[in-house]
Amino acid sequence: MDLGLQGRKALVTAASQGIGNFIANTLASEGADVSICARTPEKVAAAVDELKKHGTNVIGAPCDVADPEALKAWVEQSAKDLGGIDIYVSNASSGGGPSWEDHFAIDMMGTVNGVNAALPSLTESDAGSVVIVSTSAAVEAFPPPPMTSAGPYGAMKAAQLNYSGFAAQQHAAAGIRFNVVSPGPTYFEGSPWMGIEERMPPFFEAVANGVPLRNKNKPDTLAGHLGTGQEVANVAAFLASPASSHTTGVNIVVDGGFTRRVAF
């Protein structure tokens, strides 16, 4: 399937590593020009160099999405340098830290402020699309006892779902789509779950065995039961692309059936 991403202009936050980097690579491999940001200049520069292997226009700059003015400046400069914005991917997260303030500033307001800065350019696009990276913890109580509650992480990620659903209705007339991809436990080099595997083997085993979907092409290991960064990126790229032109206001959970939801 041709996703229709050739020549499209995409911005991805927190894309020097992790899921954001998988998404940026997937968009670039499909022909999109990409601008990335992250907090560490050296990591941004290294990621930009690596992304250029796809042969598209790739730029990047250090930016802390918790700083509204810095985020606005990065979005506007990216639009100028790329010649517009067709796709905005809000991926930055405070992770599993305990601070409600950090999660609100990065996960929630980082999304809102970034989208607001991109809206003028997205409105001019003939295929404007916003993709927000949330988590399966937004739709369930996770992690299970006796582990510490996800607390602010799950709460702010759930808020992203509400925000995206409302924005999908608000901006539909302008042709801008809003969708969410929510990864479950995801395993890749440098991922939090790789660290959990080393530090808390019983918990890791319980989670891995709780993923019912088995991919026969994966090695028969516990890590092979978890999703991969590429599997998440594939869904994000589809939602971002013109190939999903009539899809808006949805949340796609990529977790191999880990969450036991019976209603959607």
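Helices (H or I, at least four residues) and strands (E, at least two) are DSSP runs, numbered from the N terminus. The model is predicted: local features need pLDDT of at least 70, side-chain atom pairs count only at pLDDT 80 or more, and totals for chains, interfaces and linings use all residues. Residues are numbered from 1 along each chain as its sequence is written, and side-chain values use heavy atoms, leaving out hydrogens and water.

**Exercise 1.** Work out how many helices and strands the protein has, and what its radius of gyration says about its packing.

*Solution.* Start by counting: there are eight helices and seven strands. Next, the radius of gyration (over C-alpha atoms) is 18 Å, close to the 18 Å from the globule rule for 264 residues, so the protein is as compact as a globular protein of that length. That rule is 2.2 Å times the number of residues to the power 0.38.

**Exercise 2.** Check the span of helix H8 (residues 229–240).

*Solution.* The expected span is 1.5 Å times one less than the number of residues. For the twelve residues of H8 this gives 16 Å, and the end C-alpha atoms are 16 Å apart, which agrees.

**Exercise 3.** Find which residues of H8 are buried and what they pack against.

*Solution.* Buried means under 20% relative accessible area (1.4 Å probe, protein chains only). In H8 these are Gly229, Val232, Ala233, Ala236, Ala237, Leu239 and Ala240. Down the axis of H8 they fall within an arc of 160°, so they line one face; the arc uses directions from the helix axis to the C-beta atoms. Finally, with contact meaning heavy atoms within 4.5 Å, the buried residues of H8 pack against helix H1 (18–29) and strands E4 (87–90), E5 (129–133), E6 (177–183) and E7 (251–254).

Methods: Buried < 20%, exposed > 50% of the residue type's maximum accessible area, 1.4 Å probe, protein only.
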